[in-house]
Amino acid sequence: MPIIAVNVIKVLVVVALYLFLFYVARSMRGYVSGPPLDAGAVPNPQSVRQPPAAASPPRSRSILIFDDDGQSTDHAITRPMVVGRGDSADIRIDDEFASERHASFAVEGGTVVVEDLGSTNGTTIDGRRVTGRTEVTSGTVVIVGRTRVVVT
């Protein structure tokens, strides 16, 4: 085989290797940065938020946790509640991207406060990754691992 053909084959193998590595890195980026938000799956938070009535009694706060099938379960926030996939979590979710104790939801002065508990994949609130305590309002979408949680 001529030397030029051997060199062309070497270059093609190197190019194929670099394309493969680029594809793997691009695919892994989705796992590291978290899932994209599906705008059609949850109502726009702006349309859900309602101004509080002046004389209304304080209403109980809760979170809706959506599973892979789009079904939701409602959980009242009666005390600080830990969401995660471990046995020690108050609300257990079946999500391999969630930590055992992923995030905490609490009501403080009528406002829901979300706190990431040092999770591996982080907690996303309305598309922004947060690490500390964050106040949220009704209709806010919180991503725990790959599970969608909506504050109500």
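## Ser 99 and Thr 120

In this predicted model, a polar atom of the Ser 99 side chain lies 3.1 Å from the backbone nitrogen of Thr 120. Ser 99 belongs to the loop between strand S4 (91-92) and strand S5 (103-108). Is Ser 99 buried or exposed? Its relative accessibility is 13%, so Ser 99 counts as buried, the cut-off for that class being under 20%.

## The six-stranded sheet

An open sheet of 6 strands runs in the order S2-S1-S11-S10-S7-S8, and the pairing is antiparallel. Strand S2 (72-76) and strand S8 (128-130) form the edges; each has a single partner strand, so one side of each lacks a neighbour in the sheet. From one strand to the next, the twist averages 30°.

At the S2 end of the order, S1 and S2 run antiparallel and are joined by 5 bridges. Within this pairing, Ile 65 has Thr 73 in S2 as its bridge partner. Strand S1 (residues 62-66) also pairs with S11, again in the antiparallel sense, over 4 bridges. Here Ile 63 is set opposite Val 151 of S11.

On the S10 side, strand S10 (residues 141-144) runs antiparallel to S11 and is joined to it by 4 bridges. Ile 143 stands opposite Arg 148 in S11. The two strands, S10 and S11, form a hairpin with 2 residues between them. In the turn, Gly 145 has a positive phi of about 70°.

## A nonpolar surface patch

Which residues make the nonpolar surface patch of about 830 Å²? They are Val 14, Leu 17, Tyr 18, Phe 20, Leu 21, Tyr 23, Val 24 and Met 28. One of them, Val 24, is placed in helix H1 (residues 3-33). With a relative accessibility of 34%, Val 24 counts as partly exposed, because that class lies between the 20% limit for buried and the 50% limit for exposed.

Notes:
Residues numbered from 1 in each chain as written. Predicted model: local features only at pLDDT ≥ 70, side-chain atom pairs only at ≥ 80, totals over all residues. Heavy atoms only, no water. Pairing = 2+ DSSP bridges. Patch = residues over 30% accessible without salt bridge, like charges linked within 9 Å, V, L, I, M, F, W, Y side chains within 5 Å. Areas by Shrake-Rupley, 256 points an atom, 1.4 Å probe, with all protein chains shown as cover. Salt bridge = Lys/Arg side-chain N within 4 Å of Asp/Glu carboxyl O. Buried < 20%, exposed > 50% of the residue type's maximum accessible area, 1.4 Å probe, protein only. Axes fitted to C-alpha atoms, helices over the stretch in contact; angles between N-to-C directions. Polar contact = N/O pair within 3.5 Å; in protein donor to acceptor, adjacent residues only side chain to side chain.
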